[in-house]
Amino acid sequence: MNIFKSTMADVSQHKPRSDRWMALAVLFLASFMNLIDVSIVNVALPRIQVDTGATATQLEWVAAVYVLALAVGLLPFGRFGDVFGRRRMFLWGLFGFTVASVLCGVAPDILTLIAARAAQGSFAAMMVPQVLAIVHVIFPPDEKARVFGLFGTVSSLGVVAGPIIGGAVITADFAGLGWRLAFLINVPLGMVALIGAMRFVPDLETDTTLRPDWIGTGLFAGAIVLLVLPLIEGRVLGWPWWTFAALLACVPMMVGFVLWERRLSKRGLSALMPEGLLQNRPYLIRLGLVILFFSGIPGLFLVLAIFLQSGFGLSALQSGLVTTPFPVGVMLASTLTSRFGNAYLTLRIACGAALLTIGMIGLRVVINGVGTDLNPYLFTVPLIICGFGMGTAVMSLFQVTMSSVEAQDAGAGSGAMQAFQQVGAALGIAIAGQIFFSLLGEDEMEVGTEAASRFVHAASQATLYSMAVFAALALGLGVSAYRNRKPPQ
C-alpha cells in the first residue's frame, strides 16, 4: 500500500499518458460501483426478508459481511497490488466483483446470498486500493488536486445514488426480479468498466523485492472476525461461552499482528503496516477515532430501512428518498468546509460530531412521535443535520489522521485508515442490529402488523448508541481543540 514510496520514481520517469482521463473514468466507475453497493443493500433488506424468509441475524449478515470482507481485504490487497501489479489486481477484483454480483442476484436462498456478498466484499477489497494507487502514478503533480477533487465528487454521488437507484429498480420490479436488481445492476456497469480497463488502464511497474505477508494477513483477518462474529451471533444464540471467549481472543490476536509486523519491519521485510505506523501513537489514537466515528452511521441506516418498509409499509424507493437528505447534507458540508483547507481540523471534527449528536436527538424525537401513520417529511431536518455533521467532520478526520504519518508511510497509512473505517462500519451494524432486533423480536418482521409501536421503540433505542458515540467525540475533541488553541498574539 505504500504507493508514495514505490511510485514517485514512476511519476518522474514517465510522461503523462494521453489516455489518462479515459483511464480515470474507468477507475472511478469501479469505485462508484463499490460505493453504491455499500448502501444499496439497505433498501433491499425488507424485500429480501419477505422473499427468502431470512431471520433478523441473517439480514444483519447480508449488510455486515460485505463491509467485514472489505475491511479484512483492504490492507493485504493493497500490498498485493504492489507485489503482483496494480492493473492485474484491479482487473481481477473488477471481474470477481461483477461475477459475485451475478451470484447475489440469482441466489436461491439467504445463505447463498450471504456467501456471495462475502465474495463481493473480498473482490471489492482487491479492486478499491488500486484505484488511487494507479491515479497517483498516471497523473502529473499539477493535475492531482483536480483529480482528487473529482474523486470526492464521485464518492459523494455514489453515497447519494445508492439508496435512490436501489429503491427505484426494486420498486420498478423489472421482470419480477425485485430486490435482485439491486445486485444485477452491477453487471452492465462491470462489463463496461472491464472493457475500458483492458483498453485504457496501463500496466505499471511493480516492486519485485516485495513479498506478500500471509501470516500478517491471517492475524489481521482473524482479529476482526473474532470481534464482529460474536456481536452479530451472540443475541440469537443466547450468548454462549464461546462468544465471550472470541471477544477476549481478539486482543491477543491483534497483539500478535502488531508483534509480527514489527518483526518483519526490523528484518527489512515487507509488512502490511510498517513499524513507523505501529510506533506512531497519534496515528493509532486517530485510527481509534475513525473506528468510533464510522460505527455510528451504517447500522442506523440498516435500522431505518427496515423501520420504514417493514414497520410502516413504504416502498423501497420511498425509503431511499426519505434517507436522501443525509448524503445531500454530506455533500453540502464537504463543499463548504473544503475552503478551510488544513485550518481548525480538530475543531471541525468536534463541531461535526456535535451536529451529528443534535441530528440523532432530533431523529429520535421524530421516531418517538410516530403513531400508526408516518410522515416521511419529518425525517428531513434531522437527517440533513446529521449529514452536514458527517460532511463537516469526515474529511477533517482523514486529514488530521494522515497529518501524523510520515511521507514514506503515506500509502500504508491511508490503506490502514480505510480498513479500520470498514471495521467501524461492521461494528456499527452489529451493535445497532443487536439493539434493534432484540427489542423488536424475530416474529415482528411483517408489514402491516399491529407491532408499529414495537418498531418505534426498537428504532428509537437503536439511535442511543450513535447519540452516545457522537456526544463523547464532540466533548472529547472539543476539549482537545480548546486546550490546543493558539494563544492570542
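Buried, in what follows, means under 20% relative accessible area, exposed means over 50%, and partly exposed is anything in between (1.4 Å probe, protein chains only).

What you're looking at is a predicted model, where local features need pLDDT of at least 70, side-chain atom pairs count only at pLDDT 80 or more, and totals for chains, interfaces and linings use all residues. Residues are numbered from 1 along each chain as its sequence is written, and side-chain values use heavy atoms, with hydrogens and water left out.

While we're on cysteines: how many disulfides are there? With a disulfide taken as a pair of cysteine sulfur atoms within 2.5 Å, the count is 0.

Now for the inside. A nonpolar core here is a set of buried Ala, Val, Leu, Ile, Met, Phe, Trp, Tyr and Cys residues joined through side-chain atoms within 4.5 Å. The largest one has 154 residues, and Phe90, Phe293, Phe307, Phe379 and Phe436 touch the most other members. Helix H3 (residues 56-84) is the top contributor to this core, with 17 residues; helices are DSSP runs (H or I, at least four residues), numbered from the N terminus. Take Phe379: leaving aside neighbours within four places in sequence, its contacts (heavy atoms within 4.5 Å) include Leu304, Phe307, Val322 and Leu363.

H2 (residues 20-52) and H4 (residues 86-105) pack at about 40 degrees with their axes 12 Å apart; axes are lines fitted to C-alpha atoms over the stretch in contact, and angles run from 0 to 180 degrees between N-to-C directions. The two helices are therefore oblique to each other, since angles under 35 degrees count as roughly parallel, over 145 as roughly antiparallel, 65 to 115 as roughly perpendicular and the rest as oblique. Among the residues making the contact are Leu27 and Met33 of H2 and Phe90 and Phe97 of H4.

Further along, H15 (residues 325-337) and H17 (residues 380-402) also pack at about 40 degrees, with their axes 6 Å apart, so H15 is oblique to H17. Gly329 and Ala333 of H15 and Gly387 and Gly391 of H17 are among the residues in this contact.

Finally, look at Pro202, in the loop between helix H8 (186-200) and helix H9 (214-237). Pro202 counts as buried because its relative accessibility is 6%.
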